[in-house]
Amino acid sequence: MNAAHDCYENAHARFCIAQGILYFEYKPETVISLTVARKVVSDRIQFQNETTYPVLCDIRGVKDSDKAGRDYLAQFGSVLTKAVAILGNPQVSETMGDFYLRINKPSIPTSFFTNEEQALAFLKSYL
């Protein structure tokens, strides 16, 4: 993995760090399988270089996910995070985000947003 400046990209997601916040964006049409979940979590942790951040997780590019991928993210997706703001579309993504929050009960502060400014405001209290 080559981290150029404060950004990194793999086949499934882009990661950038700006003003103390890790921006994590799934690429369009991503299907979160167990393999994809393991790859993005592993790359994110390596990219963070043992530093904990509040995370803006943009799921608007997610097309679908399977149970194994969701379960992996629920268990390991919040490693090295202070808080997570899930950013999604008001339609399908909101349903996915609400389901994730109800079923998986994240161990760190996690909220779903459809507005990026509101999501960033939530995260700024964890800087």
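Visitor: Are Phe113 and Phe122 buried or exposed?

Guide: Both Phe113 and Phe122 are buried: buried means under 20% relative accessible area, exposed over 50%, and partly exposed in between, with a 1.4 Å probe and protein chains only. Please note that this is a predicted model, in which local features need pLDDT of at least 70 and side-chain atom pairs count only at pLDDT 80 or more, while totals for chains, interfaces and linings use all residues. Residues are numbered from 1 along each chain as its sequence is written, and side-chain values use heavy atoms, with hydrogens and water left out.

Visitor: Why is the aromatic pair of Phe113 and Phe122 called tilted?

Guide: Rings of Phe, Tyr and Trp (its six-membered ring) pair if their centres lie within 6.5 Å; planes under 30 degrees apart count as stacked, over 60 as edge-to-face and the rest as tilted. Phe113 and Phe122 lie 5.5 Å centre to centre with 45° between the planes, and therefore form a tilted pair. By this rule there are eight aromatic pairs, and one aromatic cluster is formed by Tyr8, Phe15, Phe24, Tyr26 and Phe47.

Visitor: What makes β2 and β3 a pair?

Guide: Helices (H or I, at least four residues) and strands (E, at least two) are DSSP runs, numbered from the N terminus. Two strands pair if DSSP finds at least two bridges between them; β2 and β3 have six, in the antiparallel sense, and therefore pair.

Visitor: How do you know that the buried residues of α1 line one face of the helix?

Guide: In α1, residues 34-48, the buried residues are Val36, Ala37, Val40, Val41, Asp43, Arg44, Phe47 and Gln48. Seen down the axis, they fall within an arc of 165°, so they line one face of the helix; the arc is that of the directions from the helix axis to the C-beta atoms.

Visitor: What makes a set of residues a nonpolar core, and how many residues has the largest?

Guide: A nonpolar core is a set of buried Ala, Val, Leu, Ile, Met, Phe, Trp, Tyr and Cys residues joined through side-chain atoms within 4.5 Å. The largest has 24 residues, and those with the most contacts inside it are Phe15, Leu22, Phe24, Tyr26, Cys57 and Ile59. Its largest share, five residues, comes from α1. A second, separate core of 10 residues includes Leu56, Ala83, Leu120 and Leu123.

Technical notes: Expected span 1.5 Å × (residues − 1).
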